[in-house]
Amino acid sequence: MVTRRWDLLTKVRRNGPVSAGLLRLDVELPRPVSFAPGQFAMLNLAGPAEMVLRRPFSILASEADEMSFLYRVAGRGTALLAAARVGDRVACLAPLGTPFPAPTDGLPVILLAGGVGLPPLHAWWARYRRPGDLAFFGGRDGHDVPWDLLADWRVSVDRGVGVPAGREAFAGLVTDLCAQDLARAGATGPYQVLVCGPTPLLRAAAALAAARGWPCLVSVEEHMGCGYGVCKGCVVPVRTGDDEVRNAMSCEEGPVFDASLLAWDRFQQAPAVAGKERG
Ligand SMILES: Cc1cc2nc3c(=O)[nH]c(=O)nc-3n(C[C@H](O)[C@H](O)[C@H](O)COP(=O)(O)OP(=O)(O)OC[C@H]3O[C@@H](n4cnc5c(N)ncnc54)[C@H](O)[C@@H]3O)c2cc1C
Ligand code: FES
């Protein structure tokens, strides 16, 4: 699939919390930008707060003149983003990366999202959802969950506090919720499993799928310097043969990878940019 990449100067339209830990950023685009679920944008503030390196964020939605993101404050760049006000300028290079696939005939899909891994799978659900597909989200606690975005998702929380009246949350890991629901429904699959979230979730979901012989695709969140194949700072180990492993650039070949091809024993989130805080 070929999508044209745009380097645009956008304007903040809305920027604020959707839960205790997550913020939503909506930017006004100077032109429509199409994307496929799983693709991402490299963002930077324009003006005095501009950083040396842009930061990668999955695209939650892009319609007409607006593109949306969900994010958590992790360090300097995201803190600066959280302080951006309506009208502030944001440089946006998008869409980037290889997306999650569109559904395959006959094979139902299970989505497993954790925390800020929600945007690509929320976009997939909004675009492709069919009867029989299942969506699961895992959050830290009920305060951390963006309930308004998850009307028809099954939700799990690590800690049972903050779950609003009328909503239900499983106490435990999102992969355990998924396994429990499948067992209760007597569902034997096969399903295609699509996953985005922290590395422990990617591993657990890959194991869940592998144990059942189901295909599984994971979106990795490696540190990225450029987002389009120049800095080589985003590599992940991918198996090529029996014992051979090569480095794949997750910004171009990924961020979505076949979980069975990732060399999980060599997989870690190493700092890409010389191990230092980025500019
Ligand atoms: C393809 C892709 C899509 C992403 N989508 C989203 C998204 O939709 N929403 C969102 O909130 N975040 C997303 N991230 C992660 C986001 O890019 C980082 O949180 C952000 O770059 C941190 O920048 P910072 O300057 O605030 O933090 P820094 O000061 O650079 O780092 C602060 C802390 O965050 C850690 N960190 C930095 N980058 C990452 C990373 N890529 N993954 C995990 N930990 C990291 C650092 O190790 C450090 O502990 C995505 C990353 C990738 C590669
Ligand atoms: S982020 Fe620069 S090569 Fe991938």
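1. Two strands are taken as paired if DSSP finds at least two bridges between them. In these terms, 7 strands form an open sheet of mixed pairing, in the order E11-E10-E9-E8-E12-E13-E16. Strand E11 (170-171) and strand E16 (256-258) are the edge strands, and each pairs on one side only. Strands (E, at least two residues) and helices (H or I, at least four) are DSSP runs numbered from the N terminus.

2. The model is predicted: local features need pLDDT of at least 70 and side-chain atom pairs count only at pLDDT 80 or more, whereas totals for chains, interfaces and linings use all residues. Residues are numbered from 1 along each chain as its sequence is written, with chains lettered from A and ligands numbered from 1 in the order in which they are written.

3. The protein contains 4 helices and 16 strands. Its radius of gyration is 18 Å, close to the 19 Å that the globule rule gives for 279 residues, so the protein is as compact as a globular protein of that length. This radius is taken over C-alpha atoms, and the globule rule is 2.2 Å times the number of residues to the power 0.38. The C-alpha trace spans about 55 × 50 × 35 Å along its principal axes.

4. Val218 has Phe257 in E16 as its bridge partner.

5. Another open sheet is formed by 7 strands in the order E4-E3-E7-E1-E2-E6-E5, with antiparallel pairing. Strand E4 (55-58) and strand E5 (61-63) stand at its edges with a single partner strand each, so one side of each is left without a neighbour in the sheet. From one strand to the next, the twist averages 35°. Strand E2 (residues 23-28) pairs with strand E6 (residues 66-71) in the antiparallel sense over 6 bridges; Arg24 stands opposite Leu70 in E6.

6. Helix H2 (residues 118-128) lies across E4, E5 and E6, at about 135° to E6. H2 also lies across strand E8 (109-114), strand E9 (134-141), strand E12 (192-196) and E13, running at about 150° to E8. The axes are lines fitted to C-alpha atoms, for helices over the stretch in contact, and angles run from 0 to 180 degrees between N-to-C directions. Residues are in contact if their C-beta atoms, placed from the backbone, lie within 7 Å.

7. The protein is divided into domain 1 (6-96) and domain 2 (109-261), with bounds from an automatic or database domain assignment. Their C-alpha centres lie 22 Å apart. The contact takes 22 residues from domain 1 and 24 residues from domain 2. On the side of domain 1 that touches domain 2, strand E3 (40-45), E4, E6 and strand E7 (89-96) each supply at least two residues, and the largest share, 3 residues, comes from E6. The residues of that side divide into 16 nonpolar, 4 polar and 2 charged.

8. Around ligand 1 there are 24 residues, of which Tyr71, Ala74, Gly75, Gly77 and Thr78 come nearest. A residue is near a molecule if its C-beta atom, placed from the backbone, lies within 6 Å of it. E4, E6 and helix H1 (76-82) each supply at least two residues of this shell, and E4 gives the most, with 4 residues. Domain 1 and domain 2 each contribute at least three residues.

9. The shell around ligand 1 divides into 11 nonpolar, 6 polar and 7 charged residues. Ala, Val, Leu, Ile, Met, Phe, Trp, Tyr, Cys and Pro count as nonpolar, Asp, Glu, Lys and Arg as charged, and the others, Gly among them, as polar.

Key. Two residues are in contact if their C-beta atoms, placed from the backbone, lie within 7 Å.
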